[in-house]
Amino acid sequence: MSLTINFNLKSPSKEHSLIMAVIRMDGRMLRVSTQQNVLTESFDKVKQRCFTSKEKFPHRENKQCEKVNKLLDEIVSTASRIYNSTIPDSDLFGSIQTAIAELTGVKKKEKLILQMTPIEFFTHYIEQKRVDNHTGRYIAERTKIHQRTVIKRLVCFLTDKKLPDTFATFTSKYFDQQFTDWCYSTKNYKQNTVYATYGVLKPLLNAARAEGFEFGDAYKSLKGKCNDTDAIYLTEEEIRKIYQLDIPSLIDAGEIDAKSTIEHSRDLFIISCWTGLRRSDINRLEKATFNISTKTISVTAEKTKQQVVIPMHPMVLAIYKKYNGRFPKLGDRGNTIAHLRECARIAGIDSDIRIVENRGGKASTLVYKKYQLVGMHTGRRSFATNMYKRRFPTISIMRLTGHTTEANFLKYIKVTPEENALMMAEEFYKIRKPFENDCV
């Protein structure tokens, strides 16, 4: 028994030709396509491999020839491995043919990918079921939604600027200036929108290079991290004011629509303020375990899939009893934000908040009433900041919020210079504020 494998061109008289594999085994012959279409003059008929001559062919052609040669070597080794296996003689040809078809099919798919434009590749890559190398978890749908939004933004940029959908556009040293100018002058975007776009674009370009696309390193200098924002938090006293709102009386007085679910939004927001749970986890409280005897809450975070055990604040315990453990759901984001801001307004949380905003390339100071800036995420930020102000160890708070780095955690902390000085003074004199009377 013997096995020989030869490679020849299907159409040697044409400029380009498919490479065919001719497999002979014990007097039988199998002829299959390698799915590799090469420049005819680049194929060495004697060595039955492609030339890789820097003098004769451009770099791109040589790179392709190297990939073709690698595949031909894989076909030989695959066929030899099957031939030397324990497969019955009658099945050898079929097994070899199937293995080569699978091998060339994968390579064909890779080749098709390399023919994609950047936007096509980005879209294709985002929609794949992938595991994040940093977390070991599948990419969450919320992450994909953000990535799709960035892709739409890039498509709009290309259309408005009449630029080609090529990797040269996105990796040019001029791209940063072109894109930033478009974001500011045409869209009036904030600076952080530019950085958020780069934060998605750079990993996508890295993935493209890993797939085999070739381009320079200029894109690596794009800034992908957003600047810290001036997002607010609520003090413990402000949280208490919202908690103590008598919503049924406000409905009777006509200040709140009787059909509104504002009380549900308020109660769930208070839970967020004293647990640090994200909106996605607040809407899954039925999956959490409330241990009344130990006054703790055990919950597996939707985003990180990590289980956390959180102490149950008196307000949270009171809300748990109010609903008998069967919590309502938050409405859509727009209604929830409107409910929370109305509660904060009625509660008198109306101090002036000055925010420096870089929008459209111009920095300006805007003045808001504090209640105008309240959102569901304010609860999580308030929890982190208030626990920090109570001098709980940073690592302990991080275990509750699920932050993995102190740098990211500290972005949540919004302590003014005056508050910082007061914290130090209280520490000097060991002033402590117990939680027991928070519901009074």
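Contacts first. Take pairs in the chain at least 6 apart in sequence, with contact meaning heavy atoms within 4.5 Å: 58% of those contacts join residues at least 24 apart. This is a predicted model, so local features need pLDDT of at least 70, side-chain atom pairs count only at pLDDT 80 or more, and totals for chains, interfaces and linings use all residues. Numbering starts from 1 along each chain as its sequence is written, and side-chain values use heavy atoms, with hydrogens and water left out.

The chain has 440 residues, and 40% of them are buried, which is under 20% relative accessible area with a 1.4 Å probe, protein chains only. Secondary structure comes to 17 helices and 10 strands. Those are DSSP runs numbered from the N terminus: helices are H or I, at least four residues, and strands are E, at least two.

Now helix α6, residues 175-186. What is buried there? Phe175, Phe179, Thr180, Trp182, Cys183 and Tyr184. Their cover includes α4 (141-161), α5 (167-171), α7 (191-211) and β9 (352-359). After α6 comes Asn188, with a positive phi near 55°.

Next, a helix pair. α14 (residues 376-389) packs on α15 (residues 394-401) at about 160°, axes 10 Å apart. Axes are lines fitted to C-alpha atoms over the stretch in contact, and angles run from 0 to 180 degrees between N-to-C directions. So α14 is roughly antiparallel to α15, the word for angles over 145 degrees. Which residues meet? From α14, Arg380, Phe383, Ala384, Met387 and Tyr388; from α15, Thr394, Ile397, Leu400 and Thr401.

Key. Buried means under 20% relative accessible area, exposed over 50%, partly exposed in between (1.4 Å probe, protein chains only). The expected span of a helix is 1.5 Å times one less than its number of residues. Angles under 35 degrees count as roughly parallel, over 145 as roughly antiparallel, 65 to 115 as roughly perpendicular and the rest as oblique.
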